[in-house]
Amino acid sequence: MSTALIIVDIQNDYFPNGKMELSNPDKAAANAAKVLEWYRQNNKDNIFHVQHIASSPELGFFLPNTEGAEIHESVLPSEHENIIVKSFPNSFLKTDLESKLREKGVTSVMIVGMMTHMCIDATVRAAVDLGFETTLIEDACATRDLSYQNKIVPAEQVHYALVSALNGMYANVISTEDILNKTL
């Protein structure tokens with residue numbers, strides 16, 4: 001079984017002073033960087049960086065040709081790693097991610113990135129729908145507080161609600177430490 005690492009939207013706008021700050025993005029990025037480093041040492045051809053570029057200025061962040069849209073320094077791609085540019089939450093929608101994974105014989109994916117409640121959720125569900133065995137490394141993901149009808153849902157609750165919903169039916173949800181110990 002060939003496995004790929006998919007790093008979704010770890011971009012500057014999600015960090016302090018960005019246009020869409022998340023809760024604890026540095027911790028999630030540090031964990032993603034640990035997983036990335038392991039992959040670079042062991043499976044370097046199967047690393048995919050997904051970069052969201054807004055298709056419309058109304059989004060307000062990840063605007064084309066801005067520092068905020070750039071991939072964060074903690075997980076910068078090397079010159080031989082794949083970069084997939086997307087403009088929808090689902091990393092597979094209207095991109096060549098699926099075809100590139102299939103070309104490499106990938107049957108299993110590990111997903112890390114941002115935002116848990118949006119692009120991670122959409123990408124995990126799409127990966128499963130496309131037939132990939134999927135692992136979500138939950139502490140290498142981050143989200144933010146959400147609100148509905150003047151009720152605030154703290155980021156931690158948003159995160160755990162989403163990863164709990166994905167666990168089992170859609171993905172094997174695991175921590176950075178557990179995945180590195182399991183794979184080493």
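Select Glu98, which is partly exposed at a relative accessible area of 28%. (Buried is under 20% relative accessible area, exposed is over 50% and partly exposed is in between, with a 1.4 Å probe and protein chains only.) The model is predicted, so local features need pLDDT of at least 70 and side-chain atom pairs count only at pLDDT 80 or more, while totals for chains, interfaces and linings use all residues. Residues are numbered from 1 along each chain as its sequence is written, and side-chain values use heavy atoms, with hydrogens and water left out.

**Salt bridges**

Glu98 and Arg102 form a salt bridge, with 3.1 Å between the closest N and O atoms. (The term covers a side-chain nitrogen of Lys or Arg within 4 Å of a carboxyl oxygen of Asp or Glu.) Both residues belong to helix 2 and are four residues apart, about one turn of the helix. (Helices are DSSP runs of H or I with at least four residues, strands are runs of E with at least two, and both are numbered from the N terminus.) Arg102 is also partly exposed, with a relative accessible area of 39%.

How many salt bridges does a search of the whole structure find? The search finds five.

Go next to Asp9 and Lys86, whose side chains meet in a salt bridge at 2.9 Å, N to O. This pair links distant parts of the chain: Asp9 is in the loop between strand 1 (2-8) and helix 1 (25-42), and Lys86 is in strand 3, 77 residues apart. Asp9 is buried at 0% relative accessible area, and Lys86 is buried at 2%.

Then select Glu81 and Arg40, a salt bridge with its closest N and O atoms 2.7 Å apart. Glu81 is in the loop between strand 2 (47-52) and strand 3, and Arg40 is in helix 1, so the pair ties together parts that are 41 residues apart in sequence. Are the two residues buried or partly exposed? Glu81 counts as buried at 9% relative accessibility, whereas Arg40 counts as partly exposed at 27%.

Show strand 2 with side chains. Six of its six residues are buried. Ile47, His49 and Gln51 point one way, and Phe48, Val50 and His52 point the other way. In a regular strand the side chains alternate between the two faces of the sheet.

**Aromatic rings**

A search of the whole structure finds five aromatic pairs. (Rings of Phe, Tyr and Trp, the last by its six-membered ring, pair if their centres lie within 6.5 Å; planes under 30 degrees apart count as stacked, over 60 as edge-to-face and the rest as tilted.) Select Phe92 and Phe132, a stacked pair at 6.1 Å centre to centre with 20 degrees between the planes. Phe92 is in the loop between strand 3 (82-86) and helix 2 (97-103), and Phe132 is in the loop between helix 3 (116-129) and strand 5 (133-142), so look for a link between distant parts of the chain, 40 residues apart.

Tyr14, Phe61 and Phe62 form one aromatic cluster. Arg125 lies over the face of Tyr170, at 4.6 Å from the ring centre. (The test is NZ of Lys or CZ of Arg within 6 Å of the ring centre and within 35 degrees of the ring normal.)

**Cysteines**

Select Cys119 and Cys141. The whole structure contains zero disulfides. Cys119 is buried at 4% relative accessible area, and Cys141 is buried at 7%.

**The core**

Finish with the largest nonpolar core, which has 29 residues. (Such a core is a set of buried Ala, Val, Leu, Ile, Met, Phe, Trp, Tyr and Cys residues joined through side-chain atoms within 4.5 Å.) Select Leu5, Ile7, Ile10, Tyr14, Met114 and Ile137, the residues with the most contacts inside this core. Strand 1, helix 1, strand 4 (106-114), strand 5 and helix 5 (176-183) each give two or more residues. Which element gives the most? Helix 1 does, with seven residues.

Methods:
Disulfide = S-S within 2.5 Å.
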